[in-house]
Amino acid sequence: MPLSDFLDAITNPSGKWYTEAEMYTDQRPGTNYEYSNVGFALLGYIIETTSKVDFMAFTQQHIFDPLEMKSSTCELEKIDPKHHTTYYLENYNVWPNYSIN
């Protein structure tokens, strides 16, 4: 799925994955830290639009290949799950495997 489509699905109120609770906070800027998948997707989209290269190809060419990271990818479905780290939700339950494609 192109990053532009992912961002639209998560930030557009009529988007497939939009939730108001995930998009807004009661915290004032600079008073709290919160990890943001949307922020990293936006960074990827900025890289795509400025470099004119797909984000997956860009990271492969400019990060993984130069560092000889032969088992690294942004596409989890390409990696055997037994080689994944275990991802956890905030309530310490294991994150289910998924794909956004």
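Helices (H or I, at least four residues) and strands (E, at least two) are DSSP runs, numbered from the N terminus. This is a predicted model: local features need pLDDT of at least 70, side-chain atom pairs count only at pLDDT 80 or more, and totals for chains, interfaces and linings use all residues. Residues are numbered from 1 along each chain as its sequence is written, and side-chain values use heavy atoms, leaving out hydrogens and water.

**Exercise 1.** Locate Glu 20 and decide whether Glu 20 is buried or exposed.

Step 1. Glu 20 is found in helix H2, residues 20-23.
Step 2. Apply the classes: buried is under 20% relative accessible area, exposed is over 50%, and partly exposed is in between (1.4 Å probe, protein chains only).
Step 3. Glu 20 has a relative accessible area of 57%, so Glu 20 is exposed.
Step 4. Glu 20 and Lys 82 are 62 residues apart in sequence; their C-alpha atoms are 34 Å apart in space.

**Exercise 2.** Find the buried residues of helix H1 and say where around the axis they sit.

Step 1. H1 spans residues 3-11; Leu 3, Phe 6, Leu 7, Ala 9 and Ile 10 are buried there.
Step 2. These residues cover an arc of only 160 degrees around the axis, so they lie on the same side of H1. The arc is that of the directions from the helix axis to the C-beta atoms.
Step 3. Their cover includes H2, H3 and H4. Contact means heavy atoms within 4.5 Å.

**Exercise 3.** Search the whole structure for aromatic pairs and classify what turns up.

Step 1. Rings of Phe, Tyr and Trp (its six-membered ring) pair if their centres lie within 6.5 Å; planes under 30 degrees apart count as stacked, over 60 as edge-to-face and the rest as tilted.
Step 2. The search finds one aromatic pair.
Step 3. Phe 6 and Trp 17 form this pair, with 5.9 Å centre to centre and 50 degrees between the planes; the pair is tilted.
Step 4. Phe 6 is in helix H1 and Trp 17 in the loop between H1 and H2, 11 residues apart.
Step 5. Phe 6 is buried because its relative accessible area is 13%. Trp 17, at 31%, counts as partly exposed.
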